Amino acid sequence: MSIVTVQLGQCGNQIGFEVFDALYTDSHCPQGLCSKRENEAYQASCKERFFSEEENGVPVARAVLVDMEPKVTNQTLSKAAQSGRWKYGQHSCFCQKQGSGNNWAYGYSVHGPRHEESIMNLIQKEVEKCDSLSGFFIIMSMAGGTGSGLGAFVTQNLQDQYSNSLKMNQIIWPYGTGEVIVQNYNSILTLSHLYRSSDALLVHENDALHKICAKLMNIKQISFSDINQVLAHQLGSVFQPAYSVEGSCHYRRNPLGGFKDSALYTSWLEPINAFNVWKTQRAFSKYEKSAALVSNSQFLLKPLDMIVGKAWNMFASKAYIHQYTKFGIEEEDFLDSFTLLEQVVASYCNL
């Protein structure tokens, strides 16, 4: 089962490169913790999932690169090709900006419809190279401008055209201190649209990734490259080929025993159904042992409530609304987004 990755904007393309590089590095690590046969099966599974047939002996990533200008996509394509280990195909598209600035509404209402056919054609070409399509992995910023709006539009189109395939969006939660003055507007618009069209949102917080670089890795001058590599490593371990552990095995060995406590879960879900373990004898990357936890919990409740609150305070004073209305995002669209996300907050509060 293959996954087609869609890398959107500067954030999505830079992270996407690091993810594929981490996956390739892992699959080609010499491993002493499993048999040769197991390692070969692991490598074959990883290749089928993320890479297509080789060109001149070099694996090709199952990916489509999209950005507003050619600079970032060209850099990403070149960086992969220069590695000599794997590369991207020619499935890249840039949507020329025309004095719009970094604007979510422009990405969603103008860029998306204007370049819909070319983007979806590129995705279809990549899909046709898969013997069996598992789904799509969309990498994008949540609070960025044009790229986030375009990402929401593309995800909506994927839902319309590939309704039976999984759509998972990996989104970067912005720094709490703020990167873009309208990041809270962009965030609520992105989240509300993805809530309707995506099957799952895999969220990483910039502040948490920054803390890992500073405190665990002791990096003094932290760059976005450092943060992206940490993120890629986490994603790589989540996507590591593994097999399911049956119910009775869930709690037999520590530290899994702690997960049988029913107090950890909502009342309408039994622990045996709420917690699943996937494992493999094959180590990830250079680590002898590793574990990754993906949870649907109240962890993001506070930051989500905070972003909605900040966006509402700006909206109440009509700050910067004109930047959105001039490209077709009306005040009613904001109100719909607020209503939906407030319902999400209320639902998670009641878990």
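Predicted model: local features only at pLDDT ≥ 70, side-chain atom pairs only at ≥ 80, totals over all residues.
Reader: Which residues sit on which side of strand 4?
Author: A63, L65 and D67 are on one side, V64 and V66 on the other. Both faces are covered. In a regular strand the side chains alternate between the two faces of the sheet.

Reader: What does strand 4 do with strand 1?
Author: Strand 1 (residues 2-8) pairs with strand 4 in the parallel sense, over 4 bridges. Pairing needs at least two DSSP bridges between the strands. Q7 has L65 of strand 4 as its bridge partner.

Reader: And how many bridges join strand 1 to strand 7?
Author: There are 6, and the two strands run parallel. S2 stands opposite L133 of strand 7. Strand 7 (residues 133-141) has 7 of its 9 residues buried, so it is largely enclosed by the rest of the structure.

Reader: How does strand 7 run relative to strand 8?
Author: Parallel, with 7 bridges. F137 has M168 in strand 8 as its bridge partner.

Reader: New topic. What is the strand order in the open sheet of 3 strands?
Author: The order is 2-3-5, with mixed pairing. Strand 2 (51-55) and strand 5 (87-88) are the edges, each pairing on one side only. Strand 2 and strand 3 (residues 58-61) run antiparallel, joined by 3 bridges. F51 is opposite A61 there.

Reader: Which helix lies across strand 2 and strand 3?
Author: Helix 2 (residues 36-50), running at about 95° to strand 2. Axes are lines fitted to C-alpha atoms, for helices over the stretch in contact, and angles run from 0 to 180 degrees between N-to-C directions.

Reader: What about E55?
Author: E55 is in strand 2. Its relative accessible area is 38%, so E55 counts as partly exposed. Leaving out residues up to four places away in sequence, E55 touches V60 and K87. Contact means heavy atoms within 4.5 Å.

Reader: And where is H233?
Author: H233 is in helix 8 (residues 224-238). H233 is partly exposed too, at 27% relative accessible area. Beyond neighbours within four places, H233 is in contact with F284, S285 and Y287. The C-alpha atoms of H233 and A22 are 6.2 Å apart, although 211 residues separate them along the chain.

Reader: Last one. Which residues lie nearest the centre of the second largest pocket?
Author: G9, Q10, C11, S141 and G144, out of 31 lining residues. Helix 1 gives the most to the lining, with 5 residues.
A pocket is an open set of points on a 1 Å grid over the protein atoms alone, where a 1.4 Å probe fits, with protein on both sides within 12 Å along at least five of seven lines; lining residues have an atom within 4 Å of a point.

How values were computed:
Residues numbered from 1 in each chain as written. Heavy atoms only, no water. Buried < 20%, exposed > 50% of the residue type's maximum accessible area, 1.4 Å probe, protein only.
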